[in-house]
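Biologist: I would like to learn how to read a model like this one. Can we take the features one by one?

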Amino acid sequence: MTRAAEKSERDTTAGYVFSYVHFNGKVGSLVKLACETDFVAKTEISRKLGREIAMQVASMKPKTIQVLLKQDYPG
């Protein structure tokens, strides 16, 4: 079993909710980025990723997580 597969079974009870609202106030999104610990959730990398995912969801409007994962990452 690969290391990533082993970690996929762990609980992700910590995390953070990110938001994005376009300047015109007509488009927005909320994204919950889950992780194993509060320490990880509070890192600058996690916060940047959360903000960028929220912006991508608002702009690209994926219908599912699977569609989101297939989109090009703008960052």
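Modeller: Let us start with exposure. Buried means under 20% relative accessible area, exposed means over 50%, and partly exposed lies in between. Keep in mind that this is a predicted model.

Biologist: Why does S59 count as partly exposed?

Modeller: Because its relative accessibility is 49%. S59 is found in helix α3.

Biologist: How many residues lie between β1 and β2 in the hairpin?

Modeller: Six residues lie between them. Look at G25 in the turn: its phi is positive, about 75 degrees.

Biologist: And how should I think about the side chains along a strand?

Modeller: In a regular strand, side chains alternate between the two faces of the sheet.

Biologist: Which residues make up the largest nonpolar core?

Modeller: A nonpolar core joins buried residues through side-chain atoms within 4.5 Å. In this model the largest one has five residues: F18, V31, I53, A54 and L68. Take A54. Leaving out residues up to four places away in sequence, A54 touches F18, S19, Y20, S29 and V31.

Biologist: Now the largest pocket. How much space lies in it?

Modeller: The largest pocket holds about 220 Å³ of space.

Biologist: Which residues line the largest pocket?

Modeller: The lining consists of L30, V31, K32, L33, I53, V57, P62, T64, I65, L68 and L69. Two or more of these residues come from each of β2 (28–35), α3 (44–60) and α4 (65–70). The largest share, four residues, comes from β2.

Biologist: What is the make-up of that lining by class?

Modeller: Nine lining residues are nonpolar, one is polar and one is charged.

Key. Residues are numbered from 1 along each chain as its sequence is written. This is a predicted model: local features need pLDDT of at least 70, side-chain atom pairs count only at pLDDT 80 or more; totals for chains, interfaces and linings use all residues. Side-chain values use heavy atoms; hydrogens and water are left out. On a 1 Å grid over the protein atoms alone, a cavity is a set of points where a 1.4 Å probe fits but cannot get out, and a pocket is an open set with protein on both sides within 12 Å along at least five of seven lines; lining residues have an atom within 4 Å of a point. Grid points are joined across faces, edges and corners, and a volume is the space filled by probe spheres set on the points. Ala, Val, Leu, Ile, Met, Phe, Trp, Tyr, Cys and Pro count as nonpolar, Asp, Glu, Lys and Arg as charged, and the others, Gly among them, as polar. Two strands pair if DSSP finds at least two bridges between them. Buried means under 20% relative accessible area, exposed over 50%, partly exposed in between (1.4 Å probe, protein chains only). Contact means heavy atoms within 4.5 Å.
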